[in-house]
Amino acid sequence: MKKSQRLKLFVETLEVDADSRHDPRYLGYFDCFNRQLYYEAHDVLEDLWLQQKDANHAFYKALIQVAGVFVHLQKQYYRPHHHKDGRRLYPAVRLLEIAVTNLSTYGDSHLGLDVEGLSKLCRKLARKIEQAGFQVNPWRPERAPVLKLHKH
């Protein structure tokens, strides 16, 4: 079975609004992200991103990068002394910077997401990590951010 077929089946198991105007993979990204399934959020939206070469391409890419940031932070949190996972704060900050750049052309809100709020969160996380000399991970499972879409 191809990866896209597996992802389609996976998205069908997620809690997404079938009547939404948004693609189920876009909605699935938020469902996974908010359950701290960051790698899965990345994969689900990447499937859409690879198929869509429209005006939302950089937007989806930024969200995929944000999920990637949280993969890094989560792995570093759970295995801070691991030879690879312990060094994930540097790439997390770099991805945060790239994601903010990719989000910058989408205004305050896009496709139901508070883009400005997400950009602020990304800048705040990067600043916290940098100010701590890349020695402190601000992510905690009990305080993990939740991304919500607003209804139109």
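The legends below describe close-up views of a predicted model. In this predicted model, local features need pLDDT of at least 70 and side-chain atom pairs count only at pLDDT 80 or more, while totals for chains, interfaces and linings use all residues. Residues are numbered from 1 along each chain as its sequence is written, and side-chain values use heavy atoms, with hydrogens and water left out.

**View 1. Helices α3 and α4 cross at roughly 160 degrees.** Helix α3 covers residues 38-51 and helix α4 covers residues 57-78; their axes come within 8 Å. Helices (H or I, at least four residues) and strands (E, at least two) are DSSP runs, numbered from the N terminus. Axes are lines fitted to C-alpha atoms, for helices over the stretch in contact, and angles run from 0 to 180 degrees between N-to-C directions. The crossing makes α3 roughly antiparallel to α4, a term for angles over 145 degrees.

**View 2. Residues of α3 and α4 form the contact between the two helices.** Contact means heavy atoms within 4.5 Å. From α3 come Tyr38, Tyr39, Ala41, His42, Leu45, Glu46, Leu48 and Trp49. From α4 come His57, Tyr60, Lys61, Leu63, Ile64, Ala67, Phe70, Val71 and Gln74. By class, twelve residues of this contact are nonpolar, three are polar and two are charged. Ala, Val, Leu, Ile, Met, Phe, Trp, Tyr, Cys and Pro count as nonpolar, Asp, Glu, Lys and Arg as charged, and the others, Gly among them, as polar.

**View 3. Asp47 is a buried residue in helix α3.** Its relative accessible area is 12%, and buried means under 20% (1.4 Å probe, protein chains only). Leaving aside neighbours within four places in sequence, Asp47 is in contact with Ser4, Leu7 and Arg25.

**View 4. Cys32 and Cys122 have sulfurs too far apart for a bond.** The structure holds zero disulfides, a disulfide being a pair of cysteine sulfur atoms within 2.5 Å. The cysteine sulfur closest to that of Cys32 belongs to Cys122, at 18 Å. Both side chains sit in buried residues: Cys32 has a relative accessible area of 0%, and Cys122 has one of 2%.

**View 5. Leu111 has a positive phi, and so does Phe134.** Leu111 is not a glycine, yet its phi is about 50 degrees. Leu111 is placed in the loop between β1 (109-110) and β2 (113-114). Phe134, also not a glycine, has a phi of about 60 degrees and lies in the segment after α6 (115-131).

Conventions. Parallel < 35°, antiparallel > 145°, perpendicular 65-115°, else oblique. Buried < 20%, exposed > 50% of the residue type's maximum accessible area, 1.4 Å probe, protein only.
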